[in-house]
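Hello,

Here is the structure I promised to pass on to you. Please have a look at it first, and then read my notes below.

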Amino acid sequence: MAERAIERDPGAVLGVGRFRVGETSVLHPFSEADRARDARSCEGLLDLAGVARGDAVLIVSLLSEAAAYWPLLGACVARGAILSCADATPFDASRVRMFCRQLGLRAVLGLHPATLAGLRDLGADPAQVFREVPVLAARPGAREELRAAGLEPRLWLELGPALALECAPGSGAHLDPELWEVEASAGELRITSRGPRLTPLARQGTGLRGRVASGPCPCGRPGPRVTPD
Amino acid sequence: MSQADRTFDPVETLPRPELEALQEQRLLALLPYAFERSGLVRETWQAAGVHPREIRSLADFRERVPFVDKDAIRRYRDRHGDPYGGVLCVDPGELTAVMSTSGTTGDPTLVAERWEGEVSGGLGLARDFWEIGVRPGDYLTCMLFTFRGPFFAQFTAIGAAPVFFDHHPDEFRRWCEASLALRPTAQYTLSGPLVAALQQLEPRLPFDLKDVFSSYRGIVFAGEPLGRAARRKAEEWGIKFHLQTSLGDVGAATECREHDGCHAWEDTALVEHLEPEGAAPVADGERGELVVTSLANHTMPLVRYRSDDLVRLTRRRCGCGRTHARIWPLGRKGDEVLVAGRGILPVDVWEAVEAIPETSAGLFQIIRTQRECDALRLRVGFAGEGAPPRGLAERVAASVFQRVGVEPRVELVPQGELLRLGPPHKIPRVAKQ
């Protein structure tokens with residue numbers, strides 16, 4: 001006696017997420033093949049964050065961002081990291097604080113300005129909440145506030161459906177060169193997908209202004225690094 | 001649609017004797033394991049003088065096994081410094097994830113998980129949405145949060161493609177566009193606050209909501225009871241809501257297309273329905289407390305956990321053909337307030353508040369300073385900002401008195417103030433002040 005077994009075509013639509021371009025959103029269908037490939041790429045982000053098997057990782061995101069973050073969950077599972085999730089909303093700031101207090105986190109990935117706003121509403125000091133977390137990967141807006149609190153966050157960036165992370169504060173966020181090309185065109189960052197993808201992107205605008213560094217990074221990791229304005 | 005096509009898993013229609021035999025088999029395998037590995041189970045059973053070797057049947061279990069509740073878990077947590085409250089049965093290094101409860105009424109509590117691949121939480125949702133009519137190749141909109149982990153993997157298990165939205169009114173325009181473009185079959189979820197927000201937004205949207213909803217065979221409504229106002233709105237929009245309610249802290253139960261109670265998957269949990277202040281079972285269909293034991297969770301199994309949830313329950317076979325228990329949520333035991341000898345739960349007040357146009361969103365709280373109060377005090381949210389309309393408090397009070405027989409003292413606040421108190425899908429229904 002068993003439930004139905006449904007076979008899927010790995011090239012068919014697995015899910016439909018979205019990415020932001022400035023104030024607008026672009027629907028982004030993706031396949032199982034995309035998710036698997038992106039998950040392998042996200043293991044590179046975990047390498048940058050120094051996440052090893054058994055480490056606790058908190059991912060702060062929104063469900064609408066699943067196209068980018070579902071692969072990241074998969075990377076954590078493949079790595080054997082212990083995964084926790086919180087919404088990037090002011091209400092879930094108490095959840096973020098609770099996880100930081102209880103779990104001995106190695107990294108918080110995707111820290112959002114909304115979380116910091118929620119901590120302010122709670123009267124909580126980010127310097128206290130995050131002081132024991134070795135790696136804070138923060139989105140623009142959140143990064144600046146954490147720096148002002150005396151912390152050393154690294155930049156965490158979403159470029160379309162791609163995720164990027166600094167190897168060290170100030171190095172620029174690494175994007176996986178096997179999957180993505182990035183350029184600054186009239187100051188706007190544009191990405192192009194490489195390899196087969198259900199929804200290929202060609203010079204897709206991101207709504208972000210910034211610079212691209214292509215030279216070698218001191219960490220030795222190849223590929224472009226992005227610094228938003 | 002044949003009955004065979006209606007179910008995702010044959011266990012859903014297992015005859016009761018076979019279902020109970022399956023439960024007993026799983027229970028008797030779980031108990032020695034939990035006794036050995038769960039500090040809370042061992043401590044509780046030793047205090048009661050009970051050992052797993054004495055439990056050889058469901059009957060033995062019902063007669064002898066002691067209860068635990070949330071307070072017992074918190075006390076264990078505080079005494080031992082154990083963030084899992086003595087319930088974790090595996091080495092923390094074996095975990096895939098540590099998620100948490102919603103945290104509506106306090107700090108969220110930890111929920112440790114081991115996944116099979118990237119699927120968490122079994123396939124209960126797969127069964128629920130197969131019943132609603134989702135089939136391979138369909139789109140299914142998800143309007144929820146991330147803190148429960150990748151629940152959406154259950155939809156890919158039935159071959160559907162989730163379309164992702166945040167549980168926030170700001171998403172509605174984008175959601176309308178995607179619904180018209182992709183024609184999804186179902187949605188997980190909508191909540192009272194979102195229905196109220198969509199209702200307010202409707203005149204300003206450049207879409208006909210009946211058209212937007214026309215492809216949806218069903219929408220799961222979760223977070224709180226489904227009030228009459230929300231059901232009426234659903235009829236206007238041409239949609240069918242399927243209420244989903246928590247099954248203690250071991251899972252969820254969802255209405256089938258008969259809309260006559262929420263199915264609890266009894267192959268995954270032993271469900272008891274007991275007197276709220278005792279251990280005797282309550283008659284089928286009557287009000288009792290939901291007490292649950294995990295049968296399919298060996299990571300953090302709850303054993304004879306008193307949920308504090310008051311429900312009606314039946315084990316009569318449903319019109320859909322399923323044989324698993326159905327429950328109707330009534331409220332939390334700890335939320336009941338006694339006024340002039342009358343027990344009042346939020347669900348008793350709900351329709352009375354919804355019946356008044358300015359408070360039709362049904363956003364309210366009972367102010368419960370202690371269990372017995374000399375008056376029923378309500379904080380009620382009205383649509384709009386600033387000062388409430390004159391006479392509104394009196395109209396709300398009269399509506400409540402007509403239904404409950406107790407005249408309340410009504411404090412009116414703008415709806416937004418109440419919505420800020422909780423997670424996006426519900427508000428705390430009882431407040432201490």
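Let me begin with chain B, which has 14 helices and 20 strands. Helices (H or I, at least four residues) and strands (E, at least two) are DSSP runs, numbered from the N terminus.

A word on how to read all this. This is a predicted model, in which local features need pLDDT of at least 70 and side-chain atom pairs count only at pLDDT 80 or more, while totals for chains, interfaces and linings use all residues. Residues are numbered from 1 along each chain as its sequence is written, and chains are lettered from A and ligands numbered from 1 in the order in which they are written.

Back to chain B and its overall form. Its radius of gyration is 22 Å, which agrees with the value near 22 Å that a compact globule of 433 residues would have; the radius is taken over C-alpha atoms, and the globule rule is 2.2 Å times the number of residues to the power 0.38. Along the principal axes, the C-alpha atoms of chain B fill a box of roughly 65 × 55 × 40 Å. Of the 433 residues in chain B, 49% count as buried, meaning that 20 or more other C-beta atoms, placed from the backbone, lie within 10 Å of the residue's own. Among contacts in chain B with a separation of 6 or more, 63% are between residues 24 or more positions apart; a contact needs C-beta atoms, placed from the backbone, within 7 Å.

Chain B is divided into domain 1 (3-115 + 262-332), domain 2 (124-246) and domain 3 (336-431), with bounds from an automatic or database domain assignment. The centres of domain 1 and domain 2 of chain B, taken over C-alpha atoms, are 29 Å apart.

How do these two domains of chain B meet? In chain B, 13 residues of domain 1 are in contact with 14 residues of domain 2. On the domain 1 side, β1 (97-100) and β13 (326-332) of chain B are the elements that give two or more residues, and β1(B) provides the largest share, 3 residues.

Chain A has 6 helices and 13 strands. With 229 residues, a compact globule would have a radius of gyration near 17 Å, and chain A agrees at 17 Å. Its C-alpha atoms fill a box of roughly 60 × 50 × 35 Å along the principal axes, and 51% of the residues in chain A are buried.

Best wishes

Notes. Buried ≥ 20, exposed ≤ 12 C-beta atoms within 10 Å, placed from the backbone.
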